[in-house]
Amino acid sequence: MLQLLVGQTLNGVIVGTLYGIIALGVTLTFGITGIVNFALGEFMMIGAYVTWYLFDVAGLPYPVAIFPATAIAAGCGFVADQLLFRFTRNNLINGLLVSIGLISIIEAAALLLWTTTPKDMGYVLSGAVRLGGVSVPKMKLVVFALLAAVMFLTYAALSRTWIGRAAYAYSQNPEAAMLMGVRTEVLQSGVVVYSTALAGFGGALYASLYSLEPAMGGLYILKGIEAAILGGIGSLIGALAGGIILGVTEAVGSIYLPGAFRDAYGLIFVVAILLYQPSGLFGAER
Amino acid sequence: MRRLIWSVIVALTASPVAAQNTVKIGQIEAQTGANAIYGYMSSQGLALAVDQVNKAGGFKVGEKTYTVELIASDTRGDPKEASIQLKRLLETDQAKFVFGPFLSNVFVTIDPYAKQFNGKFLLMGGATRIHDFLGTPEHDFLIRTWNWDAGPKGFGNLMVDRLVKETGAKKVAMLFQNDQGGKVLVDIYTPLFKEKGIETQLELFEPGTKDFSAVLAKLAAGKPDLLFPSYSDAHLYDIVRQATEGNYFRKFFLVRGSLGPGLKNKDEIDDYFVYVPKYFEQAEKTDQKVAKFIADYKAFYKRDFPYDQAPLCSSSCYDHLFMLIEAMKKAGSVDDVARIRKELLAMTYDGLWKIRFDEKGEEIFNFDVVRMKRGGQISVTSVDTQ
């Protein structure tokens, strides 16, 4: 039983980082543009499918395929920002409606291109590592390491670079930041593009672990939002922590309770935490 | 000018006669989607059969020659979409013959509507749940176009027997989708295993699940001899991969799904025991009808033959159109569905499969059991249920 618990805790941590990368995108976007981008799951799907195409169909090596996949997701994010999101800055309802509409458009495009039949990418790195009595797939460890590294680098960039300080300044007081010379339009577009790049990168790594379907983004955006709320909207470390806590709750919950209701366990945990800490585990009290 | 007017009059008066010489066949299957394994090949095979019939000049019933008009809709496995398509087929297109569905969740959704048309059309589908409705009041329209799992000649029963004899399995872990298809498999196989003295463990998962590590670990903790998973390749690829990577299971028993997930992980699997309606890779070399079908498929669709999906052409597919036409000829009618159904149930058809129906309208056909061992070594056993 202990082995089962340890194994699933590890698995939950790894799966949680996938939730966390989306949560990071959600929290960045909300903090700077004032909207929740529900379409981030679709940019994850774009990254996943492009990676599959470049690796399986075009025959590119996987480490090479990730970069154009992330870039294409970011490019789509830029287009979406310029055509849609820039007209909804700080308007939560409009931003919500626009992002939900964007989900339908992107999913319909994916259906046309690739149909709803799942795509199963060839294995990038097969086999598992034995840690004590627990087998952990090698590719999952790689995915965890890469996602965690990207999230920490994002945190480091935001806390130690000028642009990071500008972003924090803007999120605290937009007018003051503007007066101090921060180019707010560029900052907002940059954050939207970066968050879609993060989602695309997450999708590229997702493709190495699981089969792909056009509707895959729907589940991950919900998990990302749950994780962002759990960790505290606006907190970058909270996004990662929220994702991991959600992943572990689902994995460990499935050991003791029916696996068919796995999605519910994380949600119940989120509700329970918010009852005691409404701003989330790492969020600032308002 | 007078000639033109007469031509128009002749054309207008001829149209109704031409329309009567077409038999409409509807199809409601998942051509794409997570469960497309149950529908893709049926749609491919039926379209090929329709093309062949029409290119041969149609078929004759009585004094008239008829062509076939196929109205095939992609339901994507969505019960709501299937309901809309069936309504259009029956009310707008006035189709008297509908092929599909292969999915149980689709069938239970369309059944309340379909039975309003009892006696006015025939629904020929492979869905497992259809079995429970055959022979019941208001369900004369139903014919099930797939082998039944249970019963003395049920393929599931035969496979469980073989499993016990060849592997000595004492405990089986079942991992199914939490939907109609998954639940009907639980209802069928739990008693079958119990009868043979095999203990079972069961876990259900939500459709759309991708990470199965937790449930696989939980099942593996019970130390079963093998895993009996899902029914859809969309999940099977993830389940088999994660089961072998996590070292949870290396032996698998399947009554739905293809050999594909096993082949992809062949170096990690000790035993992959799967029901395959026909192992086409072997049948192509030994059966001329199968070889011709494969060649015709490639010529018609101008692409490679989908060997892994082809076994599912055993349901509401290529053979079934020719059976239906033969039944119409024997009945002497293209729209007396009661007589046509009677002729269908009375015939034995020898096509890609040797097919007949039992007295309730459930298909019985010969099938293969494929066993794959580590490294991809395959052995095939053909079972003649006739």
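Student: What makes K80(B), E91(B) and T92(B) count as exposed, and which face of α3(B) carries them?

Tutor: In this predicted model, local features need pLDDT of at least 70, side-chain atom pairs count only at pLDDT 80 or more, and totals for chains, interfaces and linings use all residues. Residues are numbered from 1 along each chain as its sequence is written, while chains are lettered from A and ligands numbered from 1 in the order in which they are written. K80(B), E91(B) and T92(B) are exposed and sit on the face of α3(B) turned away from its buried side.

Student: Which residues of α3(B) are buried, and how do you know that they share a side?

Tutor: The buried residues of α3(B) are A82(B), Q85(B), L86(B), L89(B) and L90(B). They cover an arc of only 125° around the axis, so they lie on the same side of α3(B); the arc is that of the directions from the helix axis to the C-beta atoms. These buried residues pack against β1 (22–29), β3 (64–74), β4 (97–99) and α4 (104–114) of chain B, where contact requires C-beta atoms, placed from the backbone, within 7 Å.

Student: Why is α3(B) called a helix, and what span should it have?

Tutor: Helices (H or I, at least four residues) and strands (E, at least two) are DSSP runs, numbered from the N terminus. Helix α3 of chain B has 14 residues, 79–92. The expected span is 1.5 Å times one less than the number of residues. After α3(B) comes Q94(B), with a positive phi near 55°.

Student: How does the span of α6(B) compare with the expected value?

Tutor: Helix α6 of chain B (residues 180–195) reaches 23 Å from its first C-alpha to its last, close to the 22 Å expected for its 16 residues. Its buried residues include V184(B), L185(B), Y189(B) and F193(B). G197(B), which follows α6(B), has a positive phi near 80°.

Student: What makes β1(B) mostly covered, and which strands pair with it?

Tutor: Six of the eight residues of β1(B) are buried. Two strands pair if DSSP finds at least two bridges between them. β1(B) meets this with β3(B) through eight bridges in the parallel sense, and with β4(B) through three, also parallel. V23(B) stands opposite V68(B) in β3(B), and G26(B) opposite V98(B) in β4(B).

Student: Why are β12(B) and β14(B) at the edges of their sheet?

Tutor: The sheet is open, with three strands in the order β12-β13-β14 (chain B) and antiparallel pairing. β12 (348–350) and β14 (363–365) of chain B each have a single partner strand, so one side of each is left without a neighbour in the sheet.

Student: Why is F282(A) called partly exposed?

Tutor: F282(A) has 19 other C-beta atoms within 10 Å, and is therefore partly exposed. F282(A) lies in the segment after α11 (262–276) of chain A. Leaving aside residues up to four places away in sequence, F282(A) touches G231(A), G232(A), S235(A), I237(A), G238(A) and A241(A). F282(A) and G232(A) are 50 residues apart in sequence, yet 5.1 Å apart in space, C-alpha to C-alpha.

Key: Buried ≥ 20, exposed ≤ 12 C-beta atoms within 10 Å, placed from the backbone. Contact = placed C-beta atoms within 7 Å.
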